[in-house]
Amino acid sequence: MAMNYASPSILAPFSGLTLVWIVLLSQPLIGERPTRTQIVAACLIVLGQVLIAVFGDHTNDEGVTLREVKESYLYPPFLTYLVGLGLWMLLLVYWIRFGVNPTLKRFSWGVAGGSITGLQNFLKDGLTILKAVDAEEDASLPWYFPLMLVLAAVSAFGGLLFLTACMKRYDATYSSAMFVGSFVVSASIMSAAHYATFSHMSTLWNWVFYPFGLMVLMAGVWILVHERQQRGVEVEQPESQRGVSRSVELQEPLVSESRNVSSSNLSTGT
């Protein structure tokens, strides 16, 4: 319900708190003490979020009409964003399925979920439609309202499916950090294209410190990702190799057990 009171350009970066909580709770929950690098990264994420919250776009959807919501989907910047996002997702899927470079494939798995989840406009505009219907006399829900809800659900659950698939293949900290980073970037670009974020910034301080806050936050995310890579990059295993390795693990105890039985029989016979 936070979408009722703030722009996605401010709310989306707060997903970085997920990474901060992972760092802070790693020791009490799983006994893994956070490194100094992880603590620095968490501090940068918090600092970036504070700057975004203070200097970001604080306009909301009060007074927006149904006509304005519908026409906003015909804005050239937003249409350009949709086309660019579609091409970007096609490229990521291609790298995932046919890429031979493990680093590129790992990157594609990491950012695919966050990129598609950045389509926060469907949820935001769905809530705006409800407000507009209540404010306008004799107004009813338009035909595209259910479509907004469906697209909001598809973008959210599609992103979670990509994130889950990434976590099955790679380190959970890497997967979550890449998801959050790509989500913040995608949602910020969407807000600038769809809600004209920068046109609502009234002072030079807003123009300077809002982008700077985004860069600080992304620096913290990058440090977490880079720190995990330095500690050891996990290589994705194909499904066939996973099954083979699992069967080998199951067979090894049986082989050793049969050897023990044979040894005991020999010793008894002698």
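Modeller: Helices here are DSSP runs of H or I with at least four residues, strands are runs of E with at least two, and both are numbered from the N terminus. This is a predicted model, in which local features need pLDDT of at least 70, side-chain atom pairs count only at pLDDT 80 or more, and totals for chains, interfaces and linings use all residues. Residues are numbered from 1 along each chain as its sequence is written, and side-chain values use heavy atoms, without hydrogens and water.

Biologist: How far apart are W205 and F209 in helix α10?

Modeller: W205 and F209 are four residues apart in helix α10 (residues 204-230), so about one helical turn separates them.

Biologist: How are the rings of W205 and F209 arranged?

Modeller: They form a stacked aromatic pair, 5.7 Å centre to centre with 20° between the planes. Rings of Phe, Tyr and Trp (its six-membered ring) pair if their centres lie within 6.5 Å; planes under 30 degrees apart are stacked, over 60 edge-to-face, and the rest tilted.

Biologist: Is W205 buried or exposed?

Modeller: W205 is exposed, at 57% relative accessibility, while F209 is partly exposed at 24%. Buried means under 20% relative accessible area, exposed over 50%, and partly exposed in between (1.4 Å probe, protein chains only).

Biologist: Which residues join W205 and F209 in a cluster?

Modeller: Ring pairs link F55 and F212 with W205 and F209.

Biologist: Changing topic, what sits over the ring of Y174?

Modeller: The charged end of R106 does, 3.7 Å from the ring centre. This requires NZ of Lys or CZ of Arg within 6 Å of the ring centre and within 35 degrees of the ring normal.
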